[in-house]
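Let's take it one element at a time.

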Amino acid sequence: MQIDYIEFTSPDLDQTKAFFTRAFGWDFNDYGPEYQEIAGAGLSGGIAAGAARAPLVILRTVDLEAALAQVTEAGGEITAPIFDFPGGRRFHFREPGGTEMAVWSDVAP
């Protein structure tokens with residue numbers, strides 16, 4: 001699997017979006033009041049509404065169930081089981097060092 005996406009959170013999407021636009025020249029695709037997709041940053045990403053936390057690194061796979069099994073077998077703690085979202089499905093996990101990450105797929109089960 002490879003890193004495919006990075007997701008930030010912000011309690012004020014408008015301020016965060018304006019900052020990234022002014023500071024880095026990034027553009028955005030508006031997915032409503034809860035989510036902005038980052039465009040033009042070199043790596044796909046987004047900003048979700050919510051309390052600020054460390055950025056979420058998201059890996060991509062074609063077989064989400066196999067990835068879930070691999071993560072679990074390697075000692076990862078599943079923090080959010082597989083769920084649907086617009087564009088695909090994903091799950092979240094915490095690796096043994098404490099970093100939360102996610103794996104996603106746009107391939108239907």
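Predicted model: local features only at pLDDT ≥ 70, side-chain atom pairs only at ≥ 80, totals over all residues.

Now follow helix 2 itself, which spans residues 64-73. At its N-terminal end sits D63 as a cap, with a side-chain oxygen 3.4 Å from the backbone nitrogen of E65. Further along, L64, A67 and V71 of helix 2 are buried. Viewed down the axis of helix 2, the buried residues fall within an arc of 60 degrees, so they line one face of the helix.

Eight strands make up an open sheet with mixed pairing, in the order 2-3-4-1-5-8-7-6. Strand 2 (27-30) and strand 6 (77-85) stand at the edges with a single partner strand each, so one side of each has no neighbour in the sheet. On average, neighbouring strands of this sheet are turned by 25 degrees against each other, direction ignored.

At one, strand 6 runs antiparallel to strand 7 (residues 88-94), and six bridges join them. Here you can find F83 opposite R90 of strand 7. At the other, four bridges join strand 2 to strand 3, and this pair is antiparallel too. N29 stands opposite E37 in strand 3. The hairpin of strand 2 and strand 3 has four residues between the strands, and in it G32 takes a positive phi near 105 degrees.

Helix 1 (residues 13-24) belongs with this part of the sheet: helix 1 lies across strand 1 (2-10), strand 2, strand 3 (35-39) and strand 4 (44-49). Relative to strand 4, helix 1 runs at about 150 degrees.

One last stop is S44, in strand 4. Is S44 buried or partly exposed? With a relative accessible area of 36%, S44 counts as partly exposed. Setting aside neighbours within four places in sequence, S44 is in contact with D4, Y5 and I6. The C-alpha atoms of S44 and I3 are separated by 9.7 Å, while the two residues are 41 residues apart along the chain.

Definitions and conventions:
Residues numbered from 1 in each chain as written. Heavy atoms only, no water. Pairing = 2+ DSSP bridges. Helix = DSSP H or I, 4+ residues; strand = E, 2+ residues; numbered from the N terminus. Axes fitted to C-alpha atoms, helices over the stretch in contact; angles between N-to-C directions. Contact = heavy atoms within 4.5 Å. Buried < 20%, exposed > 50% of the residue type's maximum accessible area, 1.4 Å probe, protein only. Arc of directions from axis to C-beta. Polar contact = N/O pair within 3.5 Å; in protein donor to acceptor, adjacent residues only side chain to side chain.
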